[in-house]
Amino acid sequence: MPQTNTRVTLAHRPVGEATPDCFALEIEQLDELDDGQVRVAVEYVSVDAGTRTMLRGEGFHRQVGLGETILAGGVGRIVESTVDGWDVGQAVRGGLGVQMFATVRPDHLEKIDDSLGPLSNHLGALGPSTGVTAWIGIRRVAKPKPGDTFVVSAAAGAVGSIAGQIAKRDGARVIGIAGGPAKVRYLIDDLGFDAAIDYKNDDVNARLRELAPNGVDVFFDNVGGPILDAVLDNLAMRAKVVICGAISQYDDMDNVTGPSMYLRLAERQSTMEGYAYFHFPESIAPATAELAAWLADDTLRCSEEILDGIERYPEALQFMFNGGNTGKLLVKIA
Ligand code: NAP
């Protein structure tokens, strides 16, 4: 039985970029389990853009206190249990945190079917903050119609790459916005997007005018800031803008820059709607089932980029904010 736990904690609150010195690696003794608890050996944790917002004093969704374990979704297996029906060896997913062993009550966990693929897939294509977020965003909120021009930002990332593939499957013409020529090639050659814009090297507004001369019908935004403005400036009549996230704003949430082009919504009789996946609890099971079917018949791609070792979590978060990842970013804990 494990005697110690290693965890990544918040050493001080980041100002601007969350650099690795904001985190600490701590080792603690493990107590015996209380009745009603299980202990999970964490295998992978999800690296999520939204975690940056939890490192502030005031949470966006939730917050991490100084000295506390960094919150993260994880997958692993039960190694000790005092609870009937939650047996050693069972694969589980939940808010396990960035640590080697999570000691929790099972009502914080869900059992996962590891016949559906490697455990990491349950944070990637099948994960609540990734595939399920994309599915809900497209099928319940954005609802692109066949023939629509659909634009997605952070398009080569975890949520964006899956959102674009579902919109394509639903008959839209899909344009991705991402940073750098390698990501542009990935979107077109590997994921089958119709076009892609490299926002680090192209004029996004000018490229949108070329690629979407009749305007953008649906914009699925993960980024905010100047990219949101450029797309607002190119909306079609009766367009829909979906705010899934705004990673460009997360390093300085006290000074969020709102879109200066929002009056295009009035001019073009358009709407803007935000959502979080957990606003649609009834959609999580159908989303997971359909995503699993697409993974099984090889019609959905979600590449995984995995950094090995719990001590690499701080580096991983910084890597994501610098646009290093393609697809789902994970840290392998054990
Ligand atoms: P991700 O897309 O895998 O990674 C983030 C990507 O954002 C980076 O790879 C980078 O790619 C891009 N990026 C970073 N800083 C940027 C900037 N300043 N301007 C433009 N692009 C930037 O991350 P994710 O975890 O899947 O999250 C994507 C979005 O979904 C985030 O906004 C997140 O908050 C949101 N989200 C929402 C929900 C929900 O329920 N609504 C759930 C999960 C995630 P480039 O190389 O292209 O710059």
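Domain bounds here come from an automatic or database domain assignment.

The model is predicted, so I kept to its limits: local features need pLDDT of at least 70, side-chain atom pairs count only at pLDDT 80 or more, and totals for chains, interfaces and linings use all residues. Residues are numbered from 1 along each chain as its sequence is written, and side-chain values use heavy atoms, with hydrogens and water left out.

**Layout.** I looked up the division of the protein chain. Domain 1 covers 4-123 + 303-332, and domain 2 covers 128-278. Their centres, taken over C-alpha atoms, lie 28 Å apart. I then checked who takes part in the contact (heavy atoms within 4.5 Å). Domain 1 gives 24 residues and domain 2 gives 15 residues.

**Buried area.** This is the accessible area (1.4 Å probe) that two parts lose on being put together, summed over both. I found about 1,500 Å² between domain 1 and domain 2, with 56% from carbon and sulfur atoms. On the domain 1 side, Arg-56, Phe-321 and Thr-326 supply 27% of the area buried against domain 2, more than any other three residues.

**Salt bridges.** I counted a side-chain nitrogen of Lys or Arg within 4 Å of a carboxyl oxygen of Asp or Glu. There are two between the domains. Arg-56 pairs with Asp-254 in a salt bridge, and their closest N and O atoms are 2.7 Å apart.

**Helices.** I took helices as DSSP runs (H or I, at least four residues), numbered from the N terminus. Helix H1 (51-54) and helix H9 (313-321) each bring at least two residues to the side of domain 1 that touches domain 2.
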